[in-house]
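Work through the exercises below with the model open. Each task is followed by its solution.

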Amino acid sequence: MEVKAWLLEALDDLKRTEGVVYADARYLERETESITVRNEEVAGLSHEETKGYGIRVLYRGSWGFAASGVLKPEAVRETARRALAIAKASYLTQKKPVKLDDTPPQRGTYKSPWEEDPFDVSLDEKLELLFSAVRILRKDKRIVKAEGAMQLFHTRKLFLSTEGAEIEQEIVESGAGIEATAVEGREVQRRSFPTSFGGNYAARGYEFIRSLGLVKNADRIREEAIALLSAAPCPVGEFDLILAGDQLALQVHESCGHPTELDRVLGTEISYAGGSFLTLDKLGKYRYGSEIVNLVADATIPGSIGSFGYDDEGVPAQKTYLVREGILVGYLTSRETAPVIGRRSNGCMRAESWHHIPLIRMVNINLEPAPDGPTLEELIADTKHGILMQTNKSWSIDDLRLNFQFGCEIAWEIMDGKKVRLLKNPVYTGITPEFWRSCDAICGKSEWKIWGLPNCGKGEPSQAMHVAHGTAPARFRKVRIGSGK
Amino acid sequence: MIGREEILKVLKRALGRAEGPTEILFMGGRSELTRYTKSQIHQNVAQEDFTVYVKVVEGTRVGVARTNQLAEEAIAAAERKAREIARRQPENPHFPGLLGPQEYTPTETYCETTARFGPDRRAEVLKKIFAKAAEKGFEVAGSFSVSEWEVALANTEGLEAYQPVTGAEIGLVVMSEEGIARADAFSHDVEHIDFDSLAAKAIARCELDRGKIELPPGEYTVILEPACLAEVMMWLSFTAFGSESYLSGQSFLSGALGERSMGENITIYDSAWEPEAQGLPFDLEGTPKRKVVLIERGVNKGVVFDRAGAKKAGAEPTGHAGPPGSPWGAIPWNLCMAPGDSSLEEMIASCKRGILVSNFHYVNGYLDTKRALMTGMTRYGTFLVENGEITQALANLRWTESMLKAFSNVVAISREREVFARGGAFFSIVPAMMIEGFTFTGVQRG
């Protein structure tokens, strides 16, 4: 690869430049295919190829970064010079120099597991799969919008550093979902499968798309959307709440994943995404949740979109606890932030593409299943009066990740251990630690599943990251249901 | 900057080799962003990138492929891929064909000074602001970005369009031991931004944000500063005023054009020609941009359309098409709310008991799009107003409210409006407003 030689040369020049204490370079090329079918037509279909490189320079403890898609040796040299000039500008306001941890430079390769390259599957077959599901969704005329969507990614990355790191990675990702919107009068209801906002994603090939069961579930999704049009409104008050796995994945994402990002804790996102209530003084002693709550950051799960071999500053993928038996025990860290808590990076720095700087991002942030935990059916049977909610519809949480309000697509009232009626427009709200401390049951391993989210937003310029959450349904006591409206 | 002549030369050369009807869109350029916290730059980045969209037509079938390389062979490969995609699609009866040459009404979007405002100059500006805040013992966070980009469009029907754009955007978050405040500014000309008064505004507001108390949820008179309305407008652009939400029946305007949904003092429109709206004279399929009134004195008046959406609706395209291959339909990118005859100061002075909100955070508008029901938090300063004065800083509050109800209960709108850029692409020009009976549903605590 010619560009590798150019980048190595640029890093060598930087290494010999006075004041440069560290530099790294990432080259990335990615192929993306996005397909959306809506009712009888292809609403969106595009194929994209992008390639380029980003160079990050630490000059006397201040960062600079520049990126370019121009694949010429002089452009690489110019980009390196620009990164250095930017780092020198940063240095003008420096109060405390950045110091990186002592992670040894890595040399290695990583390839995500896939059986069937999604880009080898014909477009005819992909369209037929989505249209087959959409045709079933449209069997009732009250379904005004039936949609099927698929996104496929093939990414190749190279990481080089002045410390001697040299890493190549190749990752294939696939995801798809269907959605039915029913309208009657002023009532609008939506159901999605396997979950909302694009479906489920994995770092696997087209075999993952085939395994989703989009066509098989289309009848049920249509019927649920229609039934919601005349369902009872979700009652307002305090109830025991069971969250299905897909909604719990979002709960983990917003109320555990984001607040444990150490860059947020240290204030570098305060002007955009916000800060965190999980301040440094709480590490090792703060009761985040009940004793059955164990949350882990695990980038080593094969086939999950929060997994990789190495993060985007060359740190090997790891599994570390964030919350153990309800106590805050860790953060998501980087080589710059980990030393602040006396640790070495746990490998969470990732960039969306070549033109983005790596930031601390979630990996697979998982709620561990309870050993010998119940099935969902058993958990419902164990609930006297409660509400079961599934599939996210709306989400909002404050800038410290304390006060949240989530809406779901569908809910059922539970009376004496049985689902007794369908409920529409369910919303629940709470304060993060109070909510997790009220968790009194988590289902077992048989209910545990990983949910891939391809669109976690963070940073300026904004970056969308692929992350995932393993969850099993769980129950929370006395949760405020309804928005008060 | 590559420049009009050079880009159009590349596009036309590619079109000359095209196998059939083809349209090529070029979008991209250079953007730089400096981020800071605790009065120190912690992230400083620059990127140069563009996307070339190749849209080909096979009968009524369309295929789109994208590349970030301008080389002849890269565009040719994208065209081949797009043709392969088009040939595998069903016929699309709503495809209106490619547009021929058009006349455009110019907009002012480019400034050379902004394009040259590099990292050193941004650091100099910030150093002064950091020093000013330090006089009060405060620290500053935020971001300061400049961008320079170009849009060029050409097709085999002879259409040609080009527009250069610059933008300078700064957000200043001033923090004390217990308080926080924010001020934002955007302009295509960096010299239009008054950094000193922006800093002074954030510092003064931060001084007020101390000794916060919690106010119980309930209905209150609220005074929303312009930044709050910018968030609401962004959500309405997707859930209400865009062609897709309208055609699918999810918008409160669906089947309700001509009906009253808001108070008589509310007029909302999309215009590329409003000062600092950063509107392009054309959309991304070459249709000349029109000013579209969406809400006129509280009555549902219109939505925006691309060409395919207009054909479906039996309406005229308004010049709001998004990028080729995107499923989102037409979106208003330059939303404006008509000004009133009040001012923020007059609203505070006339308020017997209410809540002043500086910013909204994490708004979500998917709760019930037919009622424009939204939820969100307050951020960067929430204050109790009593008998015409700010009397008390408050903990952040959660609100949950139908914007149709809120915009039916507006008792004052400011003459002054502010421009906000969201993600560098969505612009809103909005006033401050006072609303009666606004519903707060929770408090930030922990």
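Two residues are in contact if their C-beta atoms, placed from the backbone, lie within 7 Å. The model is predicted: local features need pLDDT of at least 70 and side-chain atom pairs 80 or more, while totals for chains, interfaces and linings use all residues. Residues are numbered from 1 along each chain as its sequence is written, and chains are lettered from A in the order in which they are written.

**Exercise 1.** Describe the side of chain B that touches chain A.

Step 1. Contacts link 69 residues of chain B with 70 residues of chain A.
Step 2. Strand S2 (residues 40-58) of chain B gives the most to this side, 10 residues; strands are DSSP runs of E, at least two residues, and helices of H or I, at least four, numbered from the N terminus.

**Exercise 2.** Find how strand S2 (residues 41-59) of chain A pairs with strand S3 (residues 61-67) of chain B.

Step 1. Strands pair if DSSP finds at least two bridges between them.
Step 2. These two have 4 bridges, in the parallel sense.
Step 3. Ser46(A) stands opposite Val64(B).

**Exercise 3.** Check the span of helix H2 (residues 73-91) of chain A.

Step 1. The expected span is 1.5 Å times one less than the number of residues.
Step 2. For 19 residues this should be 27 Å, and the end C-alpha atoms are 27 Å apart, which agrees.

**Exercise 4.** Place the strands of the open sheet S13-S12-S11-S16 (chain A).

Step 1. The 4 strands pair in the antiparallel sense.
Step 2. S13 (327-328) and S16 (365-367) of chain A each have a single partner strand, so one side of each is left without a neighbour in the sheet.
Step 3. Strand S11 (residues 295-298) of chain A is joined to S16(A) by 3 bridges, with Leu295(A) opposite Leu367(A).
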